[in-house]
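User: Could you take a close look at one helix pairing for me, and then follow the chain from there to its partner? I'd like a connected account that I can check against the coordinates.

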Amino acid sequence: MNAVARRKERLDRARALVASLEAGRDAEADALALELAGADQLGVELGRMTRELHDALESLRVDPRISELASNDIPDAREKLGWVLALTEQAAHSVINAVEQGLPVASRLAAADGDCPPAVREDGQRLHELLSEILMAQSFQDLTGQAIRRVIEVSGELERRLAELVQRAGPRPGAAPKNDAQRPGAERIQGQDEVDALLSGLGF
Amino acid sequence: MRILVVDDFSTMRRIIKNLLREVGFQHIQEADDGNTAWPMLQTGEFDFLVTDWNMPGMPGIDLLKHVRAHPQLKTLPVLMVTAEAKREQIVEAAQAGVNGYIVKPFTAETLREKLDRIFARIGATEAAS
């Protein structure tokens, strides 16, 4: 429907509204008034949404931060979470190693023969209980690990969707995104040995 | 009594193994998901299965269903130890024929209690038959 036809239709409705008001047909007048106002509001709302969508797409196209998030920051955050997962797992295993060595010692103390003072047996029993508690507490690694894996998964999905969106919104003007990990000096040093080697190479 | 412990987290497998040893079970093997566990179970070498629910590959609930559908394994006692605590999941596990269900984090006492209950029931069923 073109603009002329639309204007004519609204004018017809307005005339009908005046006629029904003059005739005292209030219900009909109310319905016509709502129709007129509604049609108008819908048009305004559609216009606003179109503008917002346009602005959003435009800002995606021009905002290099969005594609930097997709290509750099999110993968980096995921890598860090993976590192947390590995480190907590390692720590939990170290604790379990110690507990596995400690439990038989505690059991031996708890079952010591009659020559030992009773306090030794009691201490052995208590030590056994405490070591069991430490063992059970390591289950945090499973629970937090599952949560971290889920966050890694979700952020991977987010990263893919953002990358698609950036691709669809068109090429970004300006410089290519800098990859922090590829920046000279930005790679992670693995362990104290590498730190020492680096420092000694620098004459320390 | 030979037991298979299935969990994708090696820390949790070690915790459960240690607890089972404390209760007196010595022959314990591990698998990291249902796909690894299933061929091990089919050898018929296990008398008891302890499994997690949420694992990559084959989850615990599918492993349980496989076990219940297998002519030689259908009566194998299965204990589920999982962080999944939604009512519908517990109902699903019960309907699939689980013998016990423990929600993580759990205590050594809870594990002992559930094991006692499972074996008491099996004992009662065998005595009745």
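Analyst: Happy to. Please keep in mind that this is a predicted model. In chain A, helix α3 (residues 64-110) and helix α4 (residues 118-137) have axes that come within 8 Å and cross at roughly 160°. Because angles over 145 degrees count as roughly antiparallel, α3(A) is roughly antiparallel to α4(A). The crossing of these two helices, α3(A) and α4(A), is left-handed.

Here is who touches whom. From α3(A), the contact draws on Val95(A), Ile96(A), Val99(A), Gly102(A), Leu103(A), Ala106(A), Ser107(A), Leu109(A) and Ala110(A). From α4(A) come Val120(A), Arg121(A), Gly124(A), Gln125(A), Leu127(A), His128(A), Leu131(A), Ser132(A), Ile134(A) and Leu135(A). Sorted by class, the contact of α3(A) with α4(A) holds 12 nonpolar, six polar and one charged residues.

Now on to the partner chain. In the interface, 18 residues of chain A are in contact with 22 residues of chain B. The two chains, A and B, bury about 1700 Å² between them, with 57% of it on carbon and sulfur atoms. On the chain A side, the residues that lose the most area to chain B are Met136(A), Asp142(A) and Gln146(A), which together make up 32% of what that side buries.

Across the interface of chain A and chain B, the rule finds three salt bridges.

Pro105(B) lies in the loop between β5 (100-103) and α5 (108-128) of chain B.

Helix α3 (residues 60-69) and helix α4 (residues 87-96) of chain B pack at an angle of about 15°, with their axes 9 Å apart. The helices α3(B) and α4(B) are therefore roughly parallel to each other. Here, too, α3(B) passes α4(B) in a left-handed crossing. The contact is formed by Ile61(B), Leu64(B), Lys65(B) and Arg68(B) of α3(B), together with Glu92(B), Ala93(B) and Ala96(B) of α4(B). By class, the contact of α3(B) with α4(B) has four nonpolar, no polar and three charged residues.

Methods. Residues numbered from 1 in each chain as written. Chains lettered and ligands numbered in written order. Predicted model: local features only at pLDDT ≥ 70, side-chain atom pairs only at ≥ 80, totals over all residues. Heavy atoms only, no water. Axes fitted to C-alpha atoms, helices over the stretch in contact; angles between N-to-C directions. Helix = DSSP H or I, 4+ residues; strand = E, 2+ residues; numbered from the N terminus. Parallel < 35°, antiparallel > 145°, perpendicular 65-115°, else oblique. Left-handed = near helix turned anticlockwise from the far one by under 90°. Contact = heavy atoms within 4.5 Å. Nonpolar A, V, L, I, M, F, W, Y, C, P; charged D, E, K, R; others polar. Buried area = accessible area lost by both parts, 1.4 Å probe. Salt bridge = Lys/Arg side-chain N within 4 Å of Asp/Glu carboxyl O.
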